[in-house]
Amino acid sequence: MSIGKSLKKQTRKFIDSKHMLSGITVASFLESTIVPIPLEAVMVPLMQARRDKLWVIALMATIGCIAGALVGYALGYYLFDFIGDWVINTFSSPEQFENVKQKMQEQGFWFVLTLGIVPIPFQIAMLAAGATKYSLMLFLLATTIARSIRYFALALVVYYAGDQAEKVIKKHKTKALIFVTGLVLIAWWLSTL
């Protein structure tokens, strides 16, 4: 059984649980910090089954991700000298991380915003922001915008597509990512003029 199918099965048990909202917050926190789980595979069926909590689910996932981003930032800020090599070798390469650090110093807000939307491990942006002592407020703002786009867009698709949401997402996910990333890159470019 694939990971996605296993997660969907567990999600069905989780739907009516009294811990559903706190669980999605914890799952989002874990997904943004240490466990690269496909959160969408859990969120979409959950949102479909609990349309009465659709926007709250998106909000709790966003909050969990922001909390995870704070932890990642703090690790980069305070512990990078101790754990940096392990993290870089686990999630990236030294060359990629040096490139990320340079981007953070040059255009951190747009860099974090873009990495928060595209399917690239966000841990890189969190650690780079902390390791380069990038502004915490700007980091949190970019993270909040990026993850809100991600999770509230899922809620919007479920709101309009209902039970067909998974099919719609599967069919249009790549196009939507390209479109939103394109908009962010255009805004980034406009900010440099």
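A crossing of two helices is called right-handed if the near helix is turned clockwise from the far one by less than a right angle, and left-handed if it is turned anticlockwise. The legends below describe close-up views of a predicted model.

**Figure 1. The chain as a whole is built from eight helices and zero strands.** Read along the sequence, the pattern is α-α-α-α-α-α-α-α. The chain has 193 residues, of which 44% count as buried. Among the contacts in the chain with a separation of 6 or more, 80% are accounted for by residues 24 or more positions apart.

**Figure 2. Helix 7 and helix 8 pack with their axes 11 Å apart.** The angle between the two helices is about 140°. Angles over 145 degrees would count as roughly antiparallel, and those of 65 to 115 degrees as roughly perpendicular; helix 7 is therefore oblique to helix 8. The crossing of this pair is right-handed. On the side of helix 7, the contact is made by I149, L154, V157, V158 and A161. On the side of helix 8, the residues that make the contact are A165, V168, I169 and V180. By residue type, the contact of helix 7 with helix 8 holds nine nonpolar residues, no polar ones and no charged ones.

**Figure 3. A salt bridge joins R150 and E31.** Side chains of opposite charge can pair when their charged atoms come close. In the pair of R150 and E31, the closest N and O atoms are 3.0 Å apart. Are the two partners, R150 and E31, buried or exposed? Both R150 and E31 are buried.

**Figure 4. R51 and D163 form a salt bridge between two loops.** The closest N and O atoms of R51 and D163 are 2.8 Å apart. R51 is placed in the loop between helix 3 (39-49) and helix 4 (54-91), and D163 in the loop between helix 7 and helix 8 (165-191), so this pair ties together parts that are 112 residues apart in sequence. R51 has a relative accessible area of 38% and is partly exposed. D163 counts as exposed, at 60% relative accessibility.

**Figure 5. The side chains of D52 and R50 meet in a salt bridge.** The N to O distance in this pair is 3.3 Å. Which classes of accessibility do the two partners, D52 and R50, fall into? D52 has 58% relative accessibility and counts as exposed. R50 has a relative accessible area of 16%; because buried means under 20%, R50 is buried.

**Figure 6. T143 is a buried residue of helix 7.** What is the relative accessible area of T143? The value for T143 is 0%. Leaving aside neighbours within four places in sequence, T143 is in contact with I66, A69, V112 and F122.

**Figure 7. K133 and Y134 lie in the loop between helix 6 and helix 7.** Helix 6 spans residues 123-131. K133 has a phi near 60°, a positive value in a residue other than glycine. With a relative accessible area of 47%, K133 is partly exposed. Y134, by contrast, is buried, with a relative accessible area of 14%. Which residues does Y134 touch, once neighbours within four places in sequence are left aside? Y134 is in contact with Y73, M104, G108, F109, A129 and F139. The C-alpha atoms of Y134 and M104 are separated by 7.2 Å, and these two residues are 30 residues apart along the chain.

**Figure 8. L183 is a partly exposed residue of helix 8.** The relative accessible area of L183 is 46%. How many residues along the chain separate L183 from T114, and what is the separation of their C-alpha atoms? L183 and T114 are 69 residues apart along the chain, and their C-alpha atoms are separated by 9.9 Å.

Terms used
Residues are numbered from 1 along each chain as its sequence is written. This is a predicted model: local features need pLDDT of at least 70, side-chain atom pairs count only at pLDDT 80 or more; totals for chains, interfaces and linings use all residues. Side-chain values use heavy atoms; hydrogens and water are left out. A salt bridge is a side-chain nitrogen of Lys or Arg within 4 Å of a carboxyl oxygen of Asp or Glu. Buried means under 20% relative accessible area, exposed over 50%, partly exposed in between (1.4 Å probe, protein chains only). Helices (H or I, at least four residues) and strands (E, at least two) are DSSP runs, numbered from the N terminus. Axes are lines fitted to C-alpha atoms, for helices over the stretch in contact, and angles run from 0 to 180 degrees between N-to-C directions. Angles under 35 degrees count as roughly parallel, over 145 as roughly antiparallel, 65 to 115 as roughly perpendicular and the rest as oblique. Contact means heavy atoms within 4.5 Å. Ala, Val, Leu, Ile, Met, Phe, Trp, Tyr, Cys and Pro count as nonpolar, Asp, Glu, Lys and Arg as charged, and the others, Gly among them, as polar.
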